[in-house]
Amino acid sequence: MTEENKFKNLTAQEKEDLHNKYDKAIQKFTLMSDTFMSVVFKDKKCSEELLSVILDRKITIIDLHTQYGIQSLRGRSVRLDIKAVDENGDVMNIEVQNDNEGAIPERTRFNSSLMDMELLKTGAEFSELPVTYVIMITKNDVLGGGKPIYHIDRRIKELNYKIFGDRNHIIYVNSKIQDDTPLGRLMHDMHCENAKDMYNKIWADKVDYYKNKERGAYEMCEIIEKIALDREKETRAEDIKQVMINFDVTAKKAMQSLNIPEVEYSVYLKLLGLKE
């Protein structure tokens, strides 16, 4: 039985136990909480509201993933909080960071590089890389300029700092500034525990659903459990990858050495981006 079916088949008592286990934590969640924001922003309208304000243009999302993993067989992998593609083919990664260390410039560089690696298919021209954005919404003013938003693009010193034009953009949003502007109001909402305190009705309705409506609250509990299971699998996949690299063996040999049941091989091969 898959984990998804397991959750659908819970008895009333099991659902109640699950709710009791997580309800207190869920009520304390804000959209600055990694798990909760991943759930709320899997709704396209919620993500479109955020991106339209940050990028100062109307965004229509055609593809959206939260907690999106990108595997690298020879290096560190990454899990993106949000990956979205708009109608122009622009690819956007949104990260929420409460810890300054998690929002250092090298983090955005790394995310950008793995996104490019995944986006450029074998045999494609480099010019086919799409416009990309890595957007960091930070709890603190990480860049220290007292600004609500920072736009970072590569420039050419010797050409009067002309834009380099690689179409890779990095944006930092300082959620400490919660003034009476469209961006400031959204940053206020990012920190609200209670939907009634939020300005944005689309966000408020979704937050209220997951916190206060019975069906939504159960869904939230199940999602927390599933995310925990997914992260355990990703950690195991990293172990497999390290054995493969360190001992120069196949994925199958690595899994055998780690005593992973054969019935689970396909799960880890998929996580590693390998064919069965």
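Which residues does T30 touch, not counting those up to four places away in sequence? I looked this up at the start. The model is predicted. T30 touches F36, M190, H191, C192 and E193.

**Entry: T30**

I placed T30 in the loop between α2 (12-28) and α3 (34-40). Is T30 buried or exposed? Its relative accessible area is 12%. The cut-off for buried is under 20%, so T30 counts as buried. I then followed the side chain of T30 and found that it reaches the backbone nitrogen of M32 at 3.0 Å.

**Entry: a charge over F36**

The charged end of K211 sits over the ring of F36, 5.5 Å from its centre.

**Entry: aromatic pairs**

I counted the aromatic pairs and got 3 for the structure.

I took F41 and W203 up first. Their ring centres are 5.2 Å apart and their planes stand at 80°. The cut-off for edge-to-face is over 60 degrees, so this pair is edge-to-face. The pair links distant parts of the chain, 162 residues apart. F41 is in the loop between α3 and α4 (44-55). W203 is in helix α7 (residues 201-212). Both F41 and W203 are buried.

I went on to Y209 and Y210. They also form an edge-to-face pair, at 5.0 Å centre to centre with 70° between the planes. I compared their accessibility. Y209 is partly exposed, with a relative accessible area of 24%. Y210 has 4% relative accessibility and counts as buried. I also found a charge at Y209: the charged end of K206 sits over the ring, 5.9 Å from its centre.

**Entry: the sheet**

What is the strand order of the open sheet? I read it as β1-β2-β3-β4-β8-β5, 6 strands with mixed pairing. Which strands stand at the edges? They are β1 (61-70) and β5 (149-152). Each has a single partner strand, so one side of each is left without a neighbour in the sheet. The twist averages 20° from one strand to the next.

I looked at the pairing of β1 in detail. It is joined by 8 bridges to β2 (residues 78-86), and the two run antiparallel. I picked out G69, whose bridge partner in β2 is R79.

Last, I checked what packs on the sheet. Helix α5 (residues 105-119) does, touching β1, β2, β3 (91-97), β4 (132-138) and β8 (168-174). The direction of α5 makes about 145° with that of β4.

How values were computed
Residues are numbered from 1 along each chain as its sequence is written. Side-chain values use heavy atoms; hydrogens and water are left out. Helices (H or I, at least four residues) and strands (E, at least two) are DSSP runs, numbered from the N terminus. Buried means under 20% relative accessible area, exposed over 50%, partly exposed in between (1.4 Å probe, protein chains only). A polar contact is a pair of N or O atoms within 3.5 Å; within protein, one must be able to donate a hydrogen and the other to accept it, and residues adjacent in sequence count only if both atoms are side-chain atoms. Contact means heavy atoms within 4.5 Å. Rings of Phe, Tyr and Trp (its six-membered ring) pair if their centres lie within 6.5 Å; planes under 30 degrees apart count as stacked, over 60 as edge-to-face and the rest as tilted. A charge sits over a ring if NZ of Lys or CZ of Arg is within 6 Å of the ring centre and within 35 degrees of the ring normal. Two strands pair if DSSP finds at least two bridges between them. Axes are lines fitted to C-alpha atoms, for helices over the stretch in contact, and angles run from 0 to 180 degrees between N-to-C directions.
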